[in-house]
Amino acid sequence: MNVNRLRLGVAALLLMSLGAFTAVHAADLPTFQLTAKDGRFTPERVEVPAGQKFKLVVSNEGPGPEEFESRELNREKVIPAGQKAEIILGPLKAGTYGFFGEFHPETAKGQIVAK
């Protein structure tokens, strides 16, 4: 029984260490800003480094919710009005990846370009 408790304790310490490492690592990532307002994303084109993880901070300055969605990047995130969301992406191969706003799909469109 004591061996099982010891194993659980070691596993818990490892998980906590990993969580702290991930939080510190995410803070060190290159960060890019995207704003949703009036049914549009600004800027419509975000250039990021290819082959490297990065953080996309999406601010919703509109009166209602907006959703950052990209099928190519396999991401969906609803951002309530007046809120921000941090989305960790990458590393991406060089190329262009589209995204759109689910609540304004005709006008809220953009691209992430990995170079």
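These legends accompany close-up views of one predicted protein model.

In this predicted model, local features need pLDDT of at least 70, side-chain atom pairs count only at pLDDT 80 or more, and totals for chains, interfaces and linings use all residues. Residues are numbered from 1 along each chain as its sequence is written, and side-chain values use heavy atoms, with hydrogens and water left out.

View 1. Helices (H or I, at least four residues) and strands (E, at least two) are DSSP runs, numbered from the N terminus. Along the sequence the pattern reads α-β-β-β-β-β-β-β-β-β. Of the 115 residues, 30% are buried. Buried means under 20% relative accessible area, exposed means over 50%, and partly exposed lies in between (1.4 Å probe, protein chains only). The accessible surface of the chain comes to about 7,400 Å². Carbon and sulfur atoms hold 57% of that surface. Areas come from the Shrake-Rupley method with a 1.4 Å probe; for residues, only the protein chains shown count as cover. Among contacts (heavy atoms within 4.5 Å) with a separation of 6 or more, 59% join residues 24 or more positions apart.

**View 2. Five strands form an open sheet in the order E3-E9-E8-E5-E6.** Pairing in this sheet is mixed. Two strands pair if DSSP finds at least two bridges between them. The edge strands are E3 and E6 (75–79), and each pairs on one side only. From one strand to the next, the twist averages 20°.

**View 3. Strand E9 (residues 109–114) pairs with E3 and with E8.** E3 (residues 45–48) runs parallel to E9 over four bridges. Val-46 stands opposite Ile-112, and Val-48 has Ala-114 as its bridge partner. E8 (residues 95–101) pairs with E9 in the antiparallel sense over six bridges. There, Tyr-97 is bridged to Ile-112.

**View 4. The largest nonpolar core has 20 residues.** Such a core is a set of buried Ala, Val, Leu, Ile, Met, Phe, Trp, Tyr and Cys residues joined through side-chain atoms within 4.5 Å. The residues with the most contacts inside this core are Leu-34, Leu-56, Val-58, Phe-68, Leu-92 and Ile-112. E1 (31–37), E3, E4 (54–60), E7 (84–89), E8 and E9 each give two or more residues to the core. What does Leu-56 touch, not counting residues up to four places away in sequence? Its contacts are Phe-32, Leu-34, Phe-68, Ala-85, Glu-86, Ile-87, Leu-89 and Ile-112.

**View 5. Phe-41 and Phe-99 make an edge-to-face ring pair.** A pair of aromatic rings is described by the distance of the centres and the angle of the planes. Rings of Phe, Tyr and Trp (its six-membered ring) pair if their centres lie within 6.5 Å; planes under 30 degrees apart count as stacked, over 60 as edge-to-face and the rest as tilted. By this rule the count is four aromatic pairs. The ring centres of Phe-41 and Phe-99 lie 5.3 Å apart and the planes meet at 75°, so the pair is edge-to-face. Phe-41 sits in E2 (residues 40–42) and Phe-99 in E8, so the pair ties together parts that are 58 residues apart in sequence. Both Phe-41 and Phe-99 are buried. Together with Phe-68, they form one aromatic cluster.

View 6. Pro-43 lies in the loop between E2 and E3. Pro-91 is found in the loop between E7 and E8.

**View 7. Asp-38 and Asn-74 have positive phi.** Most residues other than glycine have a negative phi, and most peptide bonds are trans. Asp-38 has phi of about 55°. The loop between E1 and E2 holds Asp-38. Asp-38 is exposed, with a relative accessible area of 63%. Asn-74 also has phi of about 55°. Asn-74 lies in the loop between E5 (66–70) and E6. Asn-74 is exposed, with a relative accessible area of 64%.

Notes. Axes are lines fitted to C-alpha atoms, for helices over the stretch in contact, and angles run from 0 to 180 degrees between N-to-C directions.
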